[in-house]
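Have a look at it before reading on.

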Amino acid sequence: MANSLRGEVLNLYKNLLYLGREYPKGADYFRSRLKAAFLKNKDVKDPEKIKELIARGEFVIKELEALYFLRKYRALKQRYYSDDNQ
């Protein structure tokens, strides 16, 4: 069971690291915060607690994706619509 959770944690870390490349404050800022968050919880052994932390990480992924889509939407809206129409 621990090995399957380890794989999930590694996939979560990789996905967050990938998404962090586009973070507004910079990739280095995101990477350092991500590493600190994972190191803070490195000694957790309880499988239920690990699952909760994985669920929190997946929520963060969804929030980051929403942030990026919103930023993209705003950029496109600024390009195609003038301020007079608002």
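Leaving aside its neighbours within four places in sequence, which residues is tyrosine 23 in contact with? Contact here means heavy atoms within 4.5 Å, and the partners are Tyr29, Phe30, Leu64 and Tyr68.

## Ground rules

This is a predicted model, where local features need pLDDT of at least 70 and side-chain atom pairs count only at pLDDT 80 or more, while totals for chains, interfaces and linings use all residues. Residues are numbered from 1 along each chain as its sequence is written, and side-chain values use heavy atoms, with hydrogens and water left out.

## Around tyrosine 23

Tyrosine 23 sits in the loop between helix 1 (2-19) and helix 2 (27-40). Helices are DSSP runs of H or I with at least four residues, strands are runs of E with at least two, and both are numbered from the N terminus. Tyrosine 23 counts as partly exposed because its relative accessibility is 25%. The scale runs like this: buried is under 20% relative accessible area, exposed is over 50%, and partly exposed is in between (1.4 Å probe, protein chains only).

One of its contacts, leucine 64, is 41 residues away in sequence, yet the two C-alpha atoms are 8.2 Å apart. Leu64 and Tyr68 are both on the list of buried residues in helix 3. Also on that list are Ile50, Leu53, Ile54, Gly57 and Ile61.

## Helix 3 and what follows

Helix 3 covers residues 47-80, which makes 34 residues. From first C-alpha to last it reaches 50 Å, close to the 50 Å expected at 1.5 Å a residue; that expected span is 1.5 Å times one less than the number of residues.

Tyrosine 81 belongs to the segment after helix 3. Together with Leu76 and Tyr80, Tyr81 forms a nonpolar surface patch of about 380 Å² accessible area. Patches take residues with over 30% relative accessible area and no salt bridge, joining like charges within 9 Å and nonpolar side chains (Val, Leu, Ile, Met, Phe, Trp, Tyr) within 5 Å. The areas come from Shrake-Rupley with a 1.4 Å probe, and for residues only the protein chains shown count as cover.

## Salt bridges

How many salt bridges does a search of the whole structure find? It finds 2, each being a side-chain nitrogen of Lys or Arg within 4 Å of a carboxyl oxygen of Asp or Glu. Glutamate 22 pairs with arginine 71, with the closest N and O atoms 3.9 Å apart. That pair links distant parts of the chain, 49 residues apart: glutamate 22 is in the loop between helix 1 and helix 2, and arginine 71 is in helix 3. Glutamate 22 is partly exposed at 45% relative accessibility, and arginine 71 is partly exposed at 37%.

Arginine 31 pairs with aspartate 28, the closest N and O atoms being 2.8 Å apart. These two are about one helical turn apart because they are 3 residues from each other in helix 2. Arginine 31 is partly exposed at 40%, whereas aspartate 28 counts as exposed at 57%.

## The annotated span

The unreviewed UniProt entry places "domain: Complex 1 LYR protein" at residues 8-61. UniProt positions follow the numbering used here, feature names are shortened, and annotations may be inferred rather than shown by experiment. In the model, the end C-alpha atoms of residues 8-61 lie 14 Å apart, and the span is 76% helix and 0% strand.
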